[in-house]
Amino acid sequence: MEEQPIAHHHSTINNQLYPNLLAAKQRGEKRLAILFDPDKLRLQKMERALELAIECGVDYFFIGGSLVVNSMLDPLLSELRERCNIPLLLFPGSSFQLSYKADGLLFLSLISGRNPELLIGQHVVAAPYLKMSPLEIISTGYILVDGGVQTSVQYMSNTYPIPAGKNDIAVCTALAGEMLGLKTIYLEAGSGALNPVSENMIEAVSGTLSVPLIVGGGIRTPEKAAANFRAGADVVVVGNAIEYDPGLIRELAESRKD
Ligand code: 1GP
């Protein structure tokens, strides 16, 4: 008997993630992403988070962290895939955090920093693997903004964040990223940031961009999520706050409509 080609589990959402995000932006629809860090997962909370995410129609799961030291990545992706249709996007801290079990990958270039490994070096290493993978690759200009505390991204990347008050630098960085052809821009205050990215900066950056704008880091309340959406964020990402209180998902989901 002839060998069957390996069937990828991706069907309908594969390669539609970015077109869908663009279409949503054009319609003015907002999106909520929940970040799961495989290193930090506590299974009981995750269970509750998953139930609520399905019930409230969370738009994306982002999967990743600055380290990912354990081997939970694949099992976590399999479990999520089995349980729901919410798109699974890898959000990797390094080129080693890759898996075919997700739907897509935010291919992050840390454009606020001047560390060549994170601008292009790791991308070169990952490229042949990604070329063969079924993952939808979404190139992303990753902009680290000072969040009032040294975060893991800052330490691990060995880069300076953009100072919180320097909107002009953030704007020019985002613009350059878009001009280089990056498909999304991600304003990141870092996981556990004391101060999330200000509405002021979000407004300045979103006003100049045509590509979708993702914002995350230190967002703890539905009010802040709503304010970010009003300021022009297309996608808001929440991690830590959900780890503490999965119940927040309901109001965060509502904040998309404010
Ligand atoms: C995603 O790193 C953030 O951009 C997640 O940050 O864990 O602080 O929500 P929090």
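Two strands count as paired if DSSP finds at least two bridges between them. In this predicted model, I34 stands opposite F61 in β2. Strand β1 (residues 31-36) and strand β2 (residues 60-63) run parallel and are joined by four bridges.

These strands belong to a closed barrel of eight strands, in the order β1-β2-β3-β4-β5-β6-β7-β8, with parallel pairing. On average, neighbouring strands of this sheet are turned by 30 degrees against each other, direction ignored.

Helix α4 (residues 116-132) lies across β4 (104-110) and β5 (136-144).

| Elements | Angle |
|---|---|
| α4 and β4 | about 155 degrees |
| α6 and α7 | about 35 degrees |

Helix α6 (residues 167-179) packs with helix α7 (residues 199-208), and their axes are 9 Å apart. The crossing of α6 past α7 is right-handed. On the α6 side the contact is made by N167, A170, V171, A174 and L175, and on the α7 side by N200, M201, A204, V205 and T208. Seven of the residues in this contact are nonpolar, three are polar and none is charged.

Which residues touch the most other members of the largest nonpolar core? They are F36, F61 and F62, in a core of 81 residues. The most is given to this core by helix α2 (residues 43-56), with six residues. Leaving aside residues up to four places away in sequence, F36 touches L41, M46, A49, F61, F62, I63, G64, L76 and L80. F61, one of these, is also the residue in β2 that I34 stands opposite.

Methods: Residues are numbered from 1 along each chain as its sequence is written. This is a predicted model: local features need pLDDT of at least 70, side-chain atom pairs count only at pLDDT 80 or more; totals for chains, interfaces and linings use all residues. Side-chain values use heavy atoms; hydrogens and water are left out. Axes are lines fitted to C-alpha atoms, for helices over the stretch in contact, and angles run from 0 to 180 degrees between N-to-C directions. Helices (H or I, at least four residues) and strands (E, at least two) are DSSP runs, numbered from the N terminus. A crossing is left-handed if the near helix is turned anticlockwise from the far one by less than a right angle, and right-handed if clockwise. Contact means heavy atoms within 4.5 Å. Ala, Val, Leu, Ile, Met, Phe, Trp, Tyr, Cys and Pro count as nonpolar, Asp, Glu, Lys and Arg as charged, and the others, Gly among them, as polar. A nonpolar core is a set of buried Ala, Val, Leu, Ile, Met, Phe, Trp, Tyr and Cys residues joined through side-chain atoms within 4.5 Å. Buried means under 20% relative accessible area, exposed over 50%, partly exposed in between (1.4 Å probe, protein chains only).
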